[in-house]
Amino acid sequence: MNKIEFEDLLSKYIENDLSLADRKKIEAYLNDNKEARNLLSSIKKTLRLVNNLESINASKAFNQVLFHKLKKLKNRNISSTNHTKKTTYFGFTPRNGAFLSLLIVLFIGVSFNLVSTVLSDPINQNVVAKENLNNLNDNKLNDGSSSLVSAVKDSSKTKKSNRKTFDLKDKVQFVKDGD
Amino acid sequence: MINQPLPTSSLQAYQMNDKKFQLTDEDLILRFQSGDENAYSEIVSRYRDRLVNFIFRFMNDFDQAEDLAQDTLLKVYTHKHYYKNIAKFSTWIYTIASNLAKTELRKKKNRKTSSLSNMGLDDKEYDLPAADKKTDSETDNEFLGKKIQYAIDKLPENFKTVAILRDVQELSYEDISNILNVPLGTVKSRINRARIQLQEELKNFL
């Protein structure tokens with residue numbers, strides 16, 4: 001047995017909580033080791049001192065203060081339960097209901113205002129006018145569609161003929177994987 | 001139930017009936033759970049001194065110990081239905097007290113750190129000697145008591161709790177293990193370490 005093992009078993013030895021084998025080991029260690037004997041007696045004395053510490057009792061006013069605190073707590077609970085017993089409308093307390101309806105009215109008012117300002121804005125009016133004009137042009141184009149389609153085809157032909165064609169057969173070489 | 005008057009002395013209520021007087025803590029809390037306020041008063045009278053002693057040894061402050069013991073008993077009142085009859089009542093109440101004390105001790109340490117950091121060079125705290133005259137043996141006992149308390153205070157929180165519960169309150173290892181919610185082996189090893197540390201602190205006074 002070494003010092004660490006001895007210290008680990010010390011409390012169990014003092015409280016008689018050891019097996020016979022361990023107790024014999026400790027006693028053998030104590031016989032051979034004066035330092036261990038001193039430690040054991042020192043711990044026993046410490047324990048005696050701590051066990052004999054004067055017990056601290058509650059003051060005479062303890063109960064009075066406690067029941068005063070308890071009374072306060074009860075009163076607070078009663079007032080809070082009274083406070084929570086309120087009539088509700090559709091599950092809302094009057095205050096919450098009023099707040100919610102105010103929010104709804106505000107939302108409707110703001111959205112109405114927003115729509116009306118968008119419609120009365122001159123820039124938006126211009127955009128609307130442009131859109132109308134485009135629609136009108138589309139309608140006109142549809143009316144003379146056959147002539148317009150042929151004109152478009154012609155123009156595409158002229159564009160194609162104007163384009164230069166490059167012959168890259170001899171100029172471009174591809175690198176083969178094998179090379 | 002909440003408006004029932006509380007008797008100032010629970011003993012008066014329980015001394016009248018011997019059977020009631022022999023009730024265990026668990027019986028009392030069960031009675032209290034079913035609305036018997038006298039049972040609560042009996043619990044208070046059984047535990048107030050034990051709780052004050054335990055918390056005082058932990059905090060080293062009597063006023064705070066009383067305050068926290070009252071808070072513990074208030075918690076028992078407000079959270080009575082949290083107690084289940086599978087555990088010992090003493091374990092439950094000591095768990096509440098130890099949690100409150102630990103929280104308060106941590107707050108106190110933080111306050112102390114901040115107040116120390118704000119302290120100037122000239123701001124020092126001195127303990128003034130008590131004015132009343134005492135005999136030599138009383139003074140010696142008081143001095144030794146203070147030294148032991150100082151040694152307990154110096155223990156790390158884990159060791160301090162187990163040392164107080166075991167060596168001051170004399171609770172069983174099993175109860176301490178349940179209160180602190182740590183394995184039995186851990187409790188035993190902490191107690192061993194705490195005792196060795198206490199002995200080192202107090203060896204000059206032995």
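Visitor: What sits over the ring of B:Phe32?
Guide: The charged end of B:Lys80 does, at 4.5 Å from the ring's centre. "Over" has a rule here: NZ of Lys or CZ of Arg must be within 6 Å of the ring centre and within 35 degrees of the ring normal.

Visitor: Which other ring face does B:Lys80 lie over?
Guide: The face of B:Tyr77, with 6.0 Å to that ring centre.

Visitor: Before we go on, what kind of model is this?
Guide: It's a predicted model, where local features need pLDDT of at least 70, side-chain atom pairs count only at pLDDT 80 or more, totals for chains, interfaces and linings use all residues, and side-chain values use heavy atoms, leaving out hydrogens and water. As for names, residues count from 1 along each chain as its sequence is written, while chains are lettered from A and ligands numbered from 1 in the order they are written.

Visitor: Where in chain A are A:Phe6 and A:Tyr29?
Guide: A:Phe6 is in helix α1 (residues 3–14) and A:Tyr29 is in helix α2 (residues 20–32), so to speak distant parts of the chain, 23 residues apart. Helices are DSSP runs (H or I, at least four residues), as are strands (E, at least two), numbered from the N terminus.

Visitor: Is A:Phe6 buried or exposed?
Guide: A:Phe6 counts as buried because its relative accessibility is 1%. A:Tyr29 is buried too, with a relative accessible area of 14%. The cut-offs are under 20% for buried, over 50% for exposed and partly exposed in between, using a 1.4 Å probe and protein chains only.

Visitor: And in chain B, why is the pair B:Phe54 and B:Tyr94 called edge-to-face?
Guide: Because their planes are at 85 degrees, with the ring centres 5.5 Å apart. B:Phe54 belongs to helix α4 (residues 37–59) of chain B and B:Tyr94 to helix α6 (residues 89–118) of chain B, so this pair ties together parts 40 residues apart in sequence.

Visitor: Which residues do ring pairs link into a cluster?
Guide: B:Tyr47, B:Tyr83, B:Phe89 and B:Trp92.

Visitor: New topic. How many residues of each chain are in contact with the other chain?
Guide: 34 residues of chain A are in contact with 45 residues of chain B, where contact means heavy atoms within 4.5 Å. The area buried between the two chains is about 3,600 Å², and carbon and sulfur atoms give 63% of it. That area is the accessible area (1.4 Å probe) the two parts lose on being put together, summed over both.

Visitor: How many salt bridges are between chain A and chain B?
Guide: Seven. Over all chains the count is 18. A salt bridge needs a side-chain nitrogen of Lys or Arg within 4 Å of a carboxyl oxygen of Asp or Glu.

Visitor: What does B:Arg193 pair with?
Guide: One partner is A:Glu7, with the closest N and O atoms 3.7 Å apart. Another is A:Asp8, at 2.8 Å from N to O. The second pair crosses between chains, from helix α10 (residues 184–202) of chain B to helix α1 of chain A. B:Arg193 counts as partly exposed at 29% relative accessibility, and A:Asp8 is partly exposed at 41%.

Visitor: What about salt bridges inside chain B?
Guide: B:Lys154 meets B:Glu201, with the closest N and O atoms 3.4 Å apart. B:Lys154 is in helix α7 (residues 136–154) of chain B and B:Glu201 in helix α10 of chain B, so the pair ties together parts 47 residues apart in sequence. B:Lys154 is partly exposed at 45% relative accessibility, and B:Glu201 is partly exposed at 31%.

Visitor: Last one: which residues are linked in a network of salt bridges?
Guide: A:Glu15, B:Arg166, B:Asp167 and B:Arg195.

Key. Rings of Phe, Tyr and Trp (its six-membered ring) pair if their centres lie within 6.5 Å; planes under 30 degrees apart count as stacked, over 60 as edge-to-face and the rest as tilted.
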